[in-house]
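Good morning, colleagues. Please keep the display in view as I speak.

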Amino acid sequence: GLSTPSTDQFRCKNLIERATGYGMQGALIDGNNVLEVYNSIKNARDYCIKNRKPFLIECMTFRMRGHEEASGVKYVPKELFEKWAEKDPVDNYEKWLLKNKLLTKEHVEKIREEIKNYIESELVLAYDAAPMKVDAAAELSAVYAPKTHSHNITVHDNSHANFSGFQGTEKKFIGAISDALRQSLLMHSNLVLMGQDIAEYGGAFKVTRGMLEKFGEWRVIDTPISESAIVGAAIGAALMGLRPVAEMQFADFVTCGYNQIVNNLAKSHYRWGQHANVVVRMPTGAGVQAGPFHSQSTEAWFYHVPGLKIYYPSTPADAKGLLMRAIEEPNPVLFFEHKLLY
């Protein structure tokens, strides 16, 4: 927060109390003690690697300047600055090093002089630098990752009157989507499916029926009822080299995952060059008497978000081909499936 004290925001005394609610281990530490922070983080890291579980650390510290330079610090009581100034982490660590004869005053002065000279030399470079020239083409090209093809997929659509040649099988729209997921699971060993009730139950529309038995619980994953967590976990999985396909049980529920999609998933490549090959499947649209919270068409909400690709198939051939292509796409894809077509 910028100016509102945590005591006015939370009922708990310390945020570490939240760890219990999430079934996590946690620790409350002095965030201004360099050695305590270092050792606590090291121990927590070792715990996470060994147990494959998260660990929550709350570091007690204080912001001595504004949230950003423009806001200033007028809203902070003066006595708090006086209290926390005595806990300055750099000053106290320096005193500890001197007390334990790990550092001399001469060494301290030498370090300060080196830092001062370094800052001065960098300022000279900054002042002499030419004005930045913005290349619009370069900026636009950075929004999406370049396409790569790991498999050569050709889809023949025999649904059009003028089509001649290869005759495919007759398939329902929903069956085409199931086939695309099943074949992609066979083609990509790093592909995982994530969503509510998609494993043993087979999904609300039975798209993933039978896939748990064939591919196992580490590739067909039931998630908690938290769309934000589903998309967030999918982003993390993508960063670790997996190909996640996350399902919103109904497109309407994407509101609970909107922040993850718009502010994290869509901007991943532009902000730091990191691929985000996540497919978000969304049963969408009206016509099946599902009521106001299960019948909305939400694709228009995302049209103005750079970094996203939107696929919206209308035939079984479109559905199968586009879904398999979406799974190979290095960029995030929102895949809308109209329920009335199922």
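Ile111 is part of helix α5, which spans residues 105-128; helices here are DSSP runs of H or I with at least four residues, strands are runs of E with at least two, and both are numbered from the N terminus. The model is a predicted one: local features need pLDDT of at least 70, side-chain atom pairs count only at pLDDT 80 or more, and totals for chains, interfaces and linings use all residues. Residues are numbered from 1 along each chain as its sequence is written, and side-chain values use heavy atoms, with hydrogens and water left out.

Is Ile111 buried or exposed, or does it lie in between? Ile111 counts as partly exposed because its relative accessibility is 32%, where buried means under 20% relative accessible area, exposed means over 50%, and partly exposed lies in between (1.4 Å probe, protein chains only). Together with Ile115, Tyr118, Ile119, Leu123 and Tyr127, Ile111 makes a nonpolar surface patch of about 630 Å². Such a patch takes residues with over 30% relative accessible area and no salt bridge, nonpolar side chains (Val, Leu, Ile, Met, Phe, Trp, Tyr) being joined within 5 Å and like charges within 9 Å. The areas come from the Shrake-Rupley method with a 1.4 Å probe, and for residues only the protein chains shown count as cover.

I turn now to the spaces. On a 1 Å grid over the protein atoms alone, a cavity is a set of points where a 1.4 Å probe fits but cannot get out; a pocket is an open set with protein on both sides within 12 Å along at least five of seven lines, and lining residues have an atom within 4 Å of a point. Points are joined across faces, edges and corners, and a volume is the space filled by probe spheres set on them.

The largest pocket has a volume of about 990 Å³. Its lining comprises 27 residues, with Pro5, Ser6, Thr7, Thr61 and Phe62 nearest the centre. Strand β2 (55-60) and helix α3 (78-85) each supply at least two lining residues. By class, the pocket lining has 13 nonpolar, eight polar and six charged residues; Ala, Val, Leu, Ile, Met, Phe, Trp, Tyr, Cys and Pro count as nonpolar, Asp, Glu, Lys and Arg as charged, and the others, Gly among them, as polar.

Strand β5 (243-247) and strand β3 (191-195) each give at least two residues, and β5 contributes the most, with three. The cavity lining divides into six nonpolar, one polar and two charged residues.

Finally, the charged pairs. The whole structure holds ten salt bridges, each a side-chain nitrogen of Lys or Arg within 4 Å of a carboxyl oxygen of Asp or Glu. Asp179 pairs with Arg182 at 3.7 Å, N to O. These two are separated by about one helical turn because they stand three residues apart in helix α7 (residues 173-187). Asp179 is buried, at 16% relative accessibility, whereas Arg182 is partly exposed at 27%. Elsewhere, salt bridges with shared partners join Lys42, Arg45 and Asp46 into one network.
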